[in-house]
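Subject: Structure for you to look at

Hi,

Here is the structure I promised to pass on. Have a look at it first, and then read my notes below.

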Amino acid sequence: MLPRRAASIVSTSAHRFLPCRPCRLAPFRSLATQTKFPTIPASPDDVSLVSLFDHPSRTFKSSPLSTTGLFGHSSLVYPDALISLADATLVRAQLLTDRILRARESRDELLKVVKNLDRLSDMLCGVTDLSELIRNAHPDPMWVRAADHAYDTLCEFMNVLNTHVGLYEVLKAVMTDPSIVSTLSPEAYKTALIFWLDFEKSAIDLSSAQRKKFVSLSSDILALGRDFLNQVDSARPPASIKPSELSGLKDMGMGVRLKLQAQFTQRDLLVYPGSLQAQMIMRSAPSEEPRRRIYIAANSSTPEQIQILEKLLRTRGELANLVGKESYAAMSLGDKMAKTPANVLYFLDALMDHTRPFAQKALQALQARKQAHQGTSTLPIIQAWDRDFYCPPEAPAPPIPLPPLTVGTVFMGLSRLFRHLYGISLRPADATSGEVWHSDVHKLEVVDEEKGVIGWIYADLFARGGKPSGAAHYTVRCSRRTDDDDEAGDGTVEGQEYRILESQHFEAVKRHRLPGQDGVYQLPVVALLCEFTRPSFTRGPTVLPWNEVTTLFHEMGHAMHSMIGRTEYQNVSGTRCPTDFVELPSILMEHFLNSSIVLSLFDVEGTTAVRQVGNHHADPCNSIDTYTQILLATVDQIYHSPIVHSPNFDSTAEFANLHNTRGLIPYVPGTSFQTQFGHLFGYGATYYSYLFDLAIASRVWQNVFSEDPLNRETGEKYKREILRFGGGKDPWKMVSTLLSAPELEDGDAEAMREVGRWKIENEVGLPGRH
């Protein structure tokens, strides 16, 4: 799902006015197959990507004679300009809100309501999304403070809009008038329906007192969520380990140092969960006791931590009841592919049934190892603290031997892949002075072979102090059509003309009329943040480990969804789509790394033999990990079901019961992992989404791409049936068309079961990238 942070920043706002958030036991398997597919040679632009990212000091250009502000906005040259922009945006947003509220005075204005609501949302999101990036990525504290101020100012206004009865009544007038509904395009109707459902989620049709209660509960949930996440990251108490219990440590480095420390101090060792020492002991200590103690310490909770989580869950349940839903899951899933909690459980049950035999077989392999280690006559039970010892994690590896892959080489490979599939490539572009927030940030043009530049990616890839950890895709500006905005109809405010012009000039940047496309479009802008080691003169280019190559492919899957998802309405543009659909393009990108012909694109000279020679081996523990993720998705559903209304609700008891009745490894008394399950806040009732998209992506790869992964016709079909719609079409209809599977089109309970029966390919990782 989406973290290596708490979540990848893929904008899928709950309210449309808000800113859009291995072990190896089996033998090697032969993969010796010679490719028969020709590849397109690397272009000069492809090759220039290598220099751009591998030797940035030689290629970064910023002309001092030409200056601008962030992202090419001439006004954003100093921090206070962002605060001024937020104030100017408020003036225009209020004018547009007033215009929508008067729409019932004119049929012509009623016909423009959906367009104007989307404009209003985009007007606000254009500044809040930009501010969200700045406050996370900008190294200057003054810019961060300005971004916080702009974000908070506009979010306060958005909260008013989300519960604005007048706006809801105008939209209701539109949606209940068949003569107006009949004029809406499918995309416009989808946008209108999104606004309609989001208003209803906000208790819009309740009494004034109930709406106040809704706002109060929502505020409580945010506060409890912050407290919960703070507790997730808090340190757990150390485990006390006797020196004698470390006898026979397999680790001859840190293990020796630990034993010497114990001998010197003549005291028990205090080992903190999550530390390098704890990780080493879990992998290397032959004795179970130190591993058991560290596991229990790592999964312990204070009564306060459990109380915070359970209060959060109960408050969510109370909020759902207020708007007429029996549970928070029922409230959250109405606009998702799953639709209902029952459908989610159909999917998870089917996936669990399908995965259990593979996981049990893997568990038997671990039992055999433990039996051999202990010298017992019967197969012993695998405990939670045994997993890493008998199946130690290994660094992910590519399916064929590859030369070192630098950041620039991987970007070159990505550009070549996109050209094969979509006729789209990446081209370095010089950033004007002031356009980027750090000299490490590089600007890429996304170029269509027929339409020219269709969007921009700002790549901030290298680690620095104060920068968030992990990888993330930020939507800075969505695509939408702008030539039919009718800004003149918004009116003006005497004395505020300058403010209005300031906001209009900000919006006008990066609007273009593309060849072969009706109308003028606002082109998408995204930012990609990673934390790779910066290349240097002494160390040379940054070589990426395989897991980071996979991360880059994943995040670029989101980026291309943003680029290709060209819609007339920003609320359904690119990654603005259901939570349980948004990861499909990014996970599918990971599958391409299993193809030898795709990996050959990393070789600019075309001299690497494209032969899979068998250094890729199966990971039986992957099925255990997958099964664990299914259990976590199930407990997420339990925690957001009506059960939280019971005065006897006990999150630990529910977690233990699930593990003891449907798990593979026994629950460990005294532990309460749920207080460390941070996704319960960010992905409450939707944690199943990543597994769901893993299953769909595996099927799409196997049935559509695997035989000829560089086939242009196949790529165009995927672009035509999936990517170009963003969130503007029912995902079930898109997937059923792509897979030629009409049985999926209705997205009913049987469709959810069917997806649950599909194989999740072992080669693709579990949640960690978003």
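The chain's secondary structure comes to 29 helices and 10 strands; helices (H or I, at least four residues) and strands (E, at least two) are DSSP runs, numbered from the N terminus. Before you go further: this is a predicted model, where local features need pLDDT of at least 70, side-chain atom pairs count only at pLDDT 80 or more, and totals for chains, interfaces and linings use all residues. Residues are numbered from 1 along each chain as its sequence is written, and side-chain values use heavy atoms, with hydrogens and water left out.

Of the 770 residues in the chain, 57% are buried (buried means under 20% relative accessible area, exposed over 50%, partly exposed in between, with a 1.4 Å probe and protein chains only).

β6 pairs with strand β10 (residues 525–532) in the antiparallel sense, over 5 bridges (strands pair if DSSP finds at least two bridges between them).

Among the lining residues are Phe71, Leu130, Val476 and Arg477.

Now for the aromatic rings: the whole structure has 20 aromatic pairs (rings of Phe, Tyr and Trp, its six-membered ring, pair if their centres lie within 6.5 Å; planes under 30 degrees apart count as stacked, over 60 as edge-to-face and the rest as tilted). Tyr168 and Trp196 have ring centres 5.5 Å apart and planes at 40°, so this pair is tilted. Tyr168 is in helix α7 (residues 165–175) and Trp196 in helix α9 (residues 186–201), so the pair ties together parts 28 residues apart in sequence. Tyr168 counts as buried at 6% relative accessibility. Tyr168 also forms an edge-to-face pair with Phe199, at 6.0 Å centre to centre and 65° between the planes.

Last one: Phe347, Tyr688, Phe692 and Trp732 make up one aromatic cluster.

Cheers

Definitions and conventions:
On a 1 Å grid over the protein atoms alone, a cavity is a set of points where a 1.4 Å probe fits but cannot get out, and a pocket is an open set with protein on both sides within 12 Å along at least five of seven lines; lining residues have an atom within 4 Å of a point.
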